[in-house]
Amino acid sequence: MTSPASDAQVVFVGYNAAYLRAIDGSVPSGSVVVIEEPDIIRKRELHDAAGRFDCLDRIVPASYQQSAGALDLAAELTATRPVAAVVPGLEYAVPATAALAEKLGLPGATEAAAQALRDKVRLREVSGAGGVRNPRWREVHGPADILEFADGGPVVVKPANRQASVGVQLLDSVDEATAAEAWERTSSAAEYEQVPDRELAWRFLAEERLRGPEFSVEALVREGEVVFENVTAKTVVPGPYPVEQGHLLPAPLDPGTQEAFGTAIRKLVAATGFGTGILHAEWILTEDGPTLVECAGRCPGDYLVDLIDLAYGTRVRLTLIDLLAGRPVTLPRSAERTSAIRFLAAEPGTVTAVTGLDEAERLPGVHVAEVDVEAGQQVRAWASSWDRAGHVIATGPDADTTRRRVLDADAAIRIATD
């Protein structure tokens, strides 16, 4: 892989500190420009963010969430330096990234694919038409729609265009009361620091509740061709909110199942018309085969990129920049080891003590042990990915060893609450 030429710049739509931290020192000084919503710059206190990373030149304020405002920057961005690539920094930035790349004549997801990836209603329509297996579903506009669709049975209710499992609910049974409660919780879901203050349009859908183990496929794609793929086994907490508790990759699969996931992701690429970039597609493995849950057109969260880099010896974030700049890339066909993450939980309440962190860090195969809460902070029951209290990452020569190591590290850390 290569880094951007010193006279070119990489434009990120959406500020992603983890991404910038990972490439800092590997791309030229001052070669990155970030476009971010003015409200988010204020809420996340990003006015001085350019001083946090050597690679970051500046943050440019502009509307991009459900807005074409970022397109107006095309002339300004290219006035003094050429743009090598446009990268989606965040989930809500995927459509604007694709549109800006097309306007600048650079590789990208394509606007049509990006719009489908950001709206699960549209994704169901286009992927189903392209032969991708989907659950039964319908768009809903209120409790009555949920009640009618569920017909008393189990159902999933969720926003069509949010992120991080925000507002997603699993219902075992549905009556008028539960339908009304589910609609209220889903339609009122909020992400203060992640969205601007202006009014945005949200859509919602109800889906058949599938049974089976959950997986994701992470794929790098160049001009519609999958050039790298990984399958991740996922662990999801039980209960009404399907928040992910851990990941293991590459998933230990038999050849037939591995091939089925490969076929499914290629059908999805073709159905959406996805061009160049990265996909993170989530699936449930039913008796009929992989069935699509949802798909994102940006680097996956939950440290999955770091897990892939540990397992395959890659640097996916730099490779993605190369792909979006139209440069050749070389990628491994198989993993060197396995890697896993486990997210830390605690009983809801006020944190009184955190112990065992040093012990966890010393365990065999443990690469990362981090706690995101401290004494005096509040811990909530998990309703979305934002509620988790930290994480541990481990590697090993095989899936069983890695799974045991990450669980041992998880058990070593104790977060006491009152």
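Two strands pair if DSSP finds at least two bridges between them. Helices (H or I, at least four residues) and strands (E, at least two) are DSSP runs, numbered from the N terminus. You're looking at a predicted model, where local features need pLDDT of at least 70, side-chain atom pairs count only at pLDDT 80 or more, and totals for chains, interfaces and linings use all residues. Residues are numbered from 1 along each chain as its sequence is written, and side-chain values use heavy atoms, with hydrogens and water left out.

**Stop one: a sheet.** Select residues 349-355, which make up strand 15. This strand belongs to an open sheet of three strands, ordered 17-15-19, with antiparallel pairing. Strands 15 and 17 are joined over two bridges; look for Thr 350 opposite Gln 378.

**Stop two: an annotated span.** Select 124-325, which an unreviewed UniProt entry lists as "domain: ATP-grasp". UniProt positions are given in the numbering used here, feature names are shortened, and annotations may be inferred rather than shown by experiment. The span's end C-alpha atoms lie 30 Å apart, and 31% of it is helix and 31% strand.

**Stop three: loops.** Zoom to Pro 250, between strand 11 (244-249) and helix 9 (255-272). The peptide bond reaching Pro 250 from Leu 249 is cis, with omega near -10 degrees.
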